[in-house]
Amino acid sequence: MAKIISQFKDKIIDYLVATILGGLAFLFGVILKSISPKLINSIPKNVLFATIGILLLIAICLLTVLLIRIKENRKLSKFGLKWDKSFNAHCPACESLLSEYSQYNAGYGFHCIKCNRWISIYNEDGASITLKQAQESIKNLF
Ligand SMILES: [Zn+2]
């Protein structure tokens, strides 16, 4: 449950950063269109360049945060599942964190509550493998 809450918080931060970036770009465009050339010429050049510089710096910082978070949240597809950097299994369809690991008729796997389906863990040969075997194999891939 704590992992799901943590994932939700991560997504909220991503959406906030993306919204702020989009809002800044929109405001910048509106301001540039609405300012007449006479007004721009009346503003001291150093104030104008400082303002543009600060806005660009804020946008670059937010973009950097967003790119770092996207890179951190990237998941690896392997053994019929998606894996995060902490070797947690995620549903290949909805990317939800999987928690109901067990052995069932077809072998080892998870039940995705969101998709309501069983997802097997299998190797390249199609044979069922355990969660521990899968996690050991992907450790070298990150
Ligand atoms: Zn799912």
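## Ground rules

Two strands pair if DSSP finds at least two bridges between them. Helices (H or I, at least four residues) and strands (E, at least two) are DSSP runs, numbered from the N terminus. Residue numbers start from 1 along each chain, following the sequence as written. What you're looking at is a predicted model, where local features need pLDDT of at least 70 and side-chain atom pairs count only at pLDDT 80 or more, while totals for chains, interfaces and linings use all residues.

## Two domains

The chain splits into domain 1 (2-73) and domain 2 (76-138), with bounds that come from an automatic or database domain assignment. Taken over C-alpha atoms, the centres of domain 1 and domain 2 sit 38 Å apart.

## The helices

Helix α3 covers residues 45-73, 29 residues in total. From first C-alpha to last it reaches 42 Å, close to the 42 Å expected at 1.5 Å a residue; that expected span is 1.5 Å times one less than the number of residues. For burial, count the other C-beta atoms (placed from the backbone) within 10 Å of a residue's own: 20 or more is buried, 12 or fewer is exposed, and in between is partly exposed. The number of buried residues in α3 is zero, so the helix lies largely in the open.

Take L56, which is found in α3: L56 has 12 other C-beta atoms within 10 Å, so it is exposed. The C-alpha atoms of L56 and A25 are 31 residues apart along the chain and separated by 9.8 Å. Over in helix α1 (residues 2-34) there's F8, which counts as exposed because it has 10 C-beta neighbours inside 10 Å. Between the C-alpha atoms of F8 and N105, 97 residues apart along the chain, the separation is 32 Å.

## Sheet β1-β2-β3

Strands β1, β2 and β3 make an open, antiparallel sheet in that order. At its edges are β1 (76-78) and β3 (89-90), each pairing on one side only. Two bridges hold the antiparallel pairing of β2 (residues 81-83) with β3, and K82 stands opposite H90 in β3.

## Sheet β4-β5-β6

Another open sheet has three strands in the order β4-β5-β6, again with antiparallel pairing. Its edge strands, β4 (100-104) and β6 (117-120), have a single partner strand each, so one side of each is left without a neighbour in the sheet. The twist averages 40° from one strand to the next, using axes that are lines fitted to C-alpha atoms (for helices, over the stretch in contact) and angles that run from 0 to 180 degrees between N-to-C directions.

Five bridges link β4 and β5 in the antiparallel sense, and Y101 has F110 in β5 as its bridge partner. On the other pairing, β5 and β6 run antiparallel and share four bridges, with G109 opposite S120 in β6. β5 and β6 also form a hairpin with four residues between them, and N116 in the turn has a positive phi of about 55°.

## The nonpolar core

A nonpolar core here means a set of buried Ala, Val, Leu, Ile, Met, Phe, Trp, Tyr and Cys residues joined through C-beta atoms within 7 Å. The largest one has 11 residues, among them W83, F110, C112 and I119. The elements that give two or more residues to this core are β2 and β5 (107-112).

Leaving aside neighbours within four places in sequence, C112 is in contact with C91, C94, S96, L98, R117 and I119, where contact means C-beta atoms, placed from the backbone, within 7 Å.

Methods:
Two residues are in contact if their C-beta atoms, placed from the backbone, lie within 7 Å.
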